[in-house]
Structures are given as C-alpha cells and as structure tokens.
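The exercises below concern charged side chains, strand pairing and backbone angles. Work through each task before reading its solution.

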Amino acid sequence: EMLNKMPQFAHVGQLFTSSASAELTESEAEYCVSVVKHVFPKHIIFQFTIKNTMEEQQLEDVAVKMDLSDAPNCKVESHAPAEVIKYGQPGVAFVCVERPDAIGTVFVKASKLVFKVKEVDASTGEVYEESQEEEYPLDELEVSVSDFCKPSDLADFRRSWEATTADNDLVEEFRLERQKSIADTVQGLMDALGMEPCEKSASVSAAARTHRLLLGGIFIGGIQALVRADLR
C-alpha cells in the first residue's frame with residue numbers, strides 16, 4: 001500500500017509477491033534495520049525499516065547503499081531515503097533495483113546505512129543544527145529462488161502432475177547434510193523453494209525414515225511449478 005502512493009515507483013508495474021521481513025542487524029544494535037523484498041516483473045524494491053535507538057540522536061537523509069558487484073546483471077535504479085528518523089520512531093527507506101528477466105539468486109555482500117546525525121538534547125527535545133555524515137554496516141542480503149514464487153495449494157496434485165509433459169520434467173538428486181531429520185528436510189525444502197505443501201504432505205512423523213513431499217507454486221510470469229520430492 002505504501003508503494004502504491006510513491007510516484008517514483010509507478011513504472012515498475014504490478015507487484016508479484018513480497019517476502020517476510022528479515023533482520024539485517026543485531027536486536028541490540030544502535031540502529032536496527034530489517035528488510036522486505038517486493039518483487040515486480042523487472043524490478044525488486046527493497047523496503048528497509050530503520051529504528052533509531054539512540055535517544056540523543058536524530059537521523060536525517062537516511063539511505064541504504066547496496067553493493068551489487070556480485071550481481072552484474074542488476075543495477076540500482078533509484079533511492080527513496082527516509083527524511084527524518086527520531087529516537088524510537090521507525091523510518092522507511094527504499095531502493096529500487098532493475099533485475100534481469102531470468103530468475104536467479106541476487107547476493108548483496110555489503111550494504112550500509114548512510115545518513116546525517118544531529119545531536120538532540122534528551123531533556124528538552126531540542127535538535128541542534130550541526131550535522132555529521134555517518135555510515136553503518138548491515139548484514140549480507142540475498143534474494144533467492146523462493147522470493148520469485150507464490151505458494152499454490154493444488155486441490156488435486158496427482159491430476160496436475162499427470163497432466164505435465166515430459167519436456168517439462170526435471171529430475172535431480174541432492175544430498176542434504178545439514179538437516180538432522182526428515183521433518184527438518186521437509187521444512188527446509190519449503191523454505192528454500194517458497195512453495196506450498198499439497199495433500200497434507202508436510203506432516204511427517206518423528207520416526208519417519210522415508211517421505212514423499214508434494215509442493216505447488218507459481219513463479220513470476222505465471223509459471224506453475226510442481227515438486228515431488230522423495231526423501232530418504
């Protein structure tokens with residue numbers, strides 16, 4: 001809704017999906033920052049929510065600078081800084097990134113806040129005019145395959161699966177060593193792909209040694225995807 005009111009982003013078209021919020025700083029940091037990724041047909045808009053925990057500071061012209069050197073096919077198109085962030089009152093800054101048509105991982109290894117700091121008299125609330133330029137590093141940020149997918153719970157997975165043609169099939173085998181159990185693997189696959197479990201296949205008994213997970217999703221461009229994962 002906030003994006004719809006911003007004319008500088010009117011050209012990006014219809015929103016496909018938005019991610020969950022992810023933290024980019026520790027919870028006890030001076031400036032707490034989280035991000036939501038909004039995916040559009042040819043753009044990603046990053047919405048950064050910034051909270052100033054310093055009672056004797058006011059932040060102004062707060063922007064996020066992103067290093068896209070590991071994503072050469074992407075480029076920063078525009079910024080929308082937060083004008084003023086007072087103590088305890090979150091502010092929002094946006095970065096609009098133009099992306100390629102192909103779905104792929106975008107890795108941002110070095111983002112940082114850039115802003116002006118003005119001192120505040122905590123007893124009176126008076127803001128002093130003199131300002132100082134500051135930077136604050138943020139954690140690494142990644143746009144993954146799941147950010148381009150909407151979950152889709154199919155009423156009849158078997159019928160949809162049987163209706164697919166061989167030229168649309170892809171069979172691969174993976175060794176997943178980080179997961180400690182079948183249940184952990186099921187959750188990990190759902191998170192990694194951003195897809196919806198079908199036919200209650202997300203339910204796994206604690207003692208399960210094998211399991212079949214059925215997933216449905218729609219990728220950007222209206223592409224329906226089905227996954228049948230046999231776990232053992």
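**Exercise 1.** With which residue does Arg212 form a salt bridge, and how far apart are the closest N and O atoms?

Some conventions come first. The model is predicted, so local features need pLDDT of at least 70 and side-chain atom pairs count only at pLDDT 80 or more, while totals for chains, interfaces and linings use all residues. Residues are numbered from 1 along each chain as its sequence is written, and side-chain values use heavy atoms, with hydrogens and water left out.

Solution. Step 1: apply the criterion, a side-chain nitrogen of Lys or Arg within 4 Å of a carboxyl oxygen of Asp or Glu. Step 2: the partner of Arg212 is Asp230, with the closest N and O atoms 2.6 Å apart. Step 3: Arg212 belongs to strand S15 (residues 211-219) and Asp230 to strand S16 (residues 223-231), so the pair ties together parts that are 18 residues apart in sequence. Strands here are DSSP runs of E with at least two residues, numbered from the N terminus. Step 4: classify the accessibility, where buried means under 20% relative accessible area, exposed over 50%, and partly exposed in between (1.4 Å probe, protein chains only). Arg212 is partly exposed at 42%, and Asp230 is partly exposed at 43%.

**Exercise 2.** Find the salt bridge between Asp147 and Lys37 and state which parts it ties together.

Solution. Step 1: a search of the whole structure gives 10 salt bridges. Step 2: in one of them, the side chains of Asp147 and Lys37 meet at 3.1 Å, N to O. Step 3: Asp147 sits in the loop between strand S12 (141-143) and strand S13 (149-151), and Lys37 in strand S3, so parts 110 residues apart in sequence are tied together. Step 4: Asp147 counts as buried at 10% relative accessibility, and Lys37 is buried with a relative accessible area of 10%.

**Exercise 3.** Describe the salt bridge of Lys75.

Solution. Step 1: the side chain of Lys75 meets that of Glu98 at 3.8 Å, N to O. Step 2: Lys75 is in strand S6 (residues 75-80) and Glu98 in strand S8 (residues 91-98), so the pair links parts that are 23 residues apart in sequence. Step 3: Glu98 is partly exposed, with a relative accessible area of 30%.

**Exercise 4.** Which strands pair with strand S5 (residues 57-66), and in which sense?

Solution. Step 1: two strands pair if DSSP finds at least two bridges between them. Step 2: S5 pairs with strand S10 (residues 111-120) in the antiparallel sense over eight bridges, and Lys65 stands opposite Lys112 in S10. Step 3: S5 also pairs with strand S7 (residues 82-85) in the antiparallel sense, over three bridges; Glu60 stands opposite Val84 in S7. Step 4: eight of the 10 residues of S5 are buried. Step 5: Glu60 is also linked with Lys118 and Glu129 in a network of salt bridges.

**Exercise 5.** What are the phi values of Glu199 and Lys200?

Solution. Step 1: most residues other than glycine have a negative phi. Step 2: Glu199 has a positive phi of about 50°, and Lys200 has a positive phi of about 60°. Step 3: Glu199 lies in the loop between strand S14 (196-197) and S15, and Lys200 lies in the loop between S14 and S15. Step 4: Glu199 counts as partly exposed at 46% relative accessibility, whereas Lys200 counts as exposed at 75%.

Key
Helix = DSSP H or I, 4+ residues; strand = E, 2+ residues; numbered from the N terminus.
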